[in-house]
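Student: Could you show me how to read enclosed space and ring contacts in a protein model?

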Amino acid sequence: MIFSQVELAPADPILGLTDAFKADTRKGKVNLGVGIYKDESGLTPILRSVKLAEEKLLSSEKSKSYLGIEGVEAYNRVVQELLFGATHDVVTAKRALTAQAPGGTGSLRVAAEFLVRNTESKTIWVSNPTWANHQNIFKSAGLAIKQYRYYQAETHGKDFEAMLEDLKTAKAGDLVLLHGCCHNPTGIDLTEQEWHTIADLCLSQGLVPLFDFAYQGFGAGVDEDAQGLRIVAAKVPELLIANSFSKNFGLYNERIGAVTLVGDTTESVTKAFSQVKSTIRGNYSNPPAHGALIVSTILGDDELKQLWESELSEMRERIAQMRSLFVESLKHEGVTQDFSFISSQNGMFSFSGLSKAQVTQLKDEHAVYIVGSGRISVAGMTKENMPVICKAIAAVL
């Protein structure tokens, strides 16, 4: 008997919270833990552009044959154009190669495993705080994890000087995980000048950037949110990007992402990419098709792309409205503590500053679920549940 020897794993800090939420029988419960966009009715909609693309695919689809290891060719091409722009040197000089992967998580795992198996890069620096699953992904792949300071609790802001101070102790060949936009969990992004500083630091110290790019378009806009990536790619000869279309296309259960390698030459990136394909072959062999075909169909059709960009803008603007409403509603409930920093953060999440004890109290006494770190999914707020949320927070402060 071998299974009896296996210890019970601890609940996942985010998905485990969803399990607890589902088991809660109280009326009026609110889940602000998992990062899923909800519209004003509380539903996670299928975008109109996605439905139109699926209709187009259904009428033209002729085969369910396997894809190649790297996935849908047209998808990989539009991924690069979305990340860098069609005229960026990385694209025109053919210094980038992309492989479709199962979501952002799968993309990060492929990138990490490729690095551990084929390079001397065995240490990755991640922000403190960062997405809860980063530690699990990188540790499972065999990377040693170090942290650089990023968030300053006293000001509810970014501590860029501390970030630089920590990264200056990193060794040549070390990896640096960078959130391309809409930093998870803080919602606090680097400025244009700060991105230039990070690019120069990586170049001077021989550090290798790994971008986690899961929220393109949820910050300021599709091109605007790629500013940091493009600045770094223009200066640093080698980097990796793990991106996802779960959020900005609403394709959560299609698990559609990509891992992209950028090299200093076409020859070097081609050699490296062969090992990425080898890594994929030994894992899931080749990816599923549907999500990639949806994305490539939309981005390859001018009308569908325009519709998608409009829908993405609607989602981004609704989240911004919820941020402002959240701050005002807390004031309405008599909260005197300053939460105005929420309005200046970007993306789906806000780092509330609530303690673990307050988070537990929210769940136990008010049926409001947020992650233990105090991260709140603003994308899950609506005008209807806002009074419930803010009354609960006012009660635990």
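Predicted model: local features only at pLDDT ≥ 70, side-chain atom pairs only at ≥ 80, totals over all residues.

Student: How many cavities of 30 Å³ or more does the structure hold, and what is the volume of the largest cavity?

Tutor: Rolling a probe the size of a water molecule over the atoms shows where empty space is left. In this model the structure holds 1 cavity of 30 Å³ or more, and the largest cavity has a computed volume of about 60 Å³.

Student: Which residues line the largest cavity, and how does its lining divide by class?

Tutor: The lining of the largest cavity is made up of Y148, Y150, L178, H179, H183, D189, L190 and W195. Sorted by class, that lining has 5 nonpolar, 2 polar and 1 charged residues.

Student: Turning to the rings, how many aromatic pairs does the structure hold?

Tutor: The structure holds 8 aromatic pairs. One of them joins F21 and Y369 in an edge-to-face arrangement, with 5.4 Å from centre to centre and 85° between the planes. This pair links distant parts of the chain, since F21 belongs to helix α1 (residues 15-23) and Y369 to strand β12 (residues 368-369), 348 residues apart.

Student: Are F21 and Y369 buried or exposed?

Tutor: Buried means under 20% relative accessible area. F21, with a relative accessible area of 16%, is therefore buried, and Y369 likewise counts as buried because its relative accessibility is 4%.

Student: What is the geometry of the aromatic pair that Y75 and F245 form?

Tutor: Y75 and F245 form an edge-to-face pair, their centres 5.9 Å apart and their planes at 80°. This pair also links distant parts of the chain: Y75 is in helix α3 (residues 73-84), whereas F245 is in the loop between β9 (239-244) and β10 (256-262), 170 residues apart. Y75 is buried, with a relative accessible area of 0%, and F245 counts as buried at 1% relative accessibility.

Student: Which residues do ring pairs link into a cluster?

Tutor: Ring pairs link Y75 and F245 with F249 and W308 into a cluster.

Student: Where do the charged ends of K29 and R375 sit?

Tutor: The charged end of K29 sits over the ring of F21, 4.5 Å from the ring centre, so that F21 has K29 over its ring as well as Y369 as its partner in an edge-to-face pair. The charged end of R375 sits over the ring of F349, 3.7 Å from the centre of that ring.

Note on methods
Residues numbered from 1 in each chain as written. Heavy atoms only, no water. 1 Å grid on protein atoms, 1.4 Å probe; cavity = no way out; pocket = protein on both sides within 12 Å on 5 of 7 lines; lining within 4 Å. Points joined across faces, edges and corners; volume = space filled by probe spheres on them. Nonpolar A, V, L, I, M, F, W, Y, C, P; charged D, E, K, R; others polar. Phe/Tyr/Trp six-rings, centres within 6.5 Å; stacked < 30°, edge-to-face > 60°. Helix = DSSP H or I, 4+ residues; strand = E, 2+ residues; numbered from the N terminus. Buried < 20%, exposed > 50% of the residue type's maximum accessible area, 1.4 Å probe, protein only. Lys NZ or Arg CZ within 6 Å of the ring centre and 35° of its normal.
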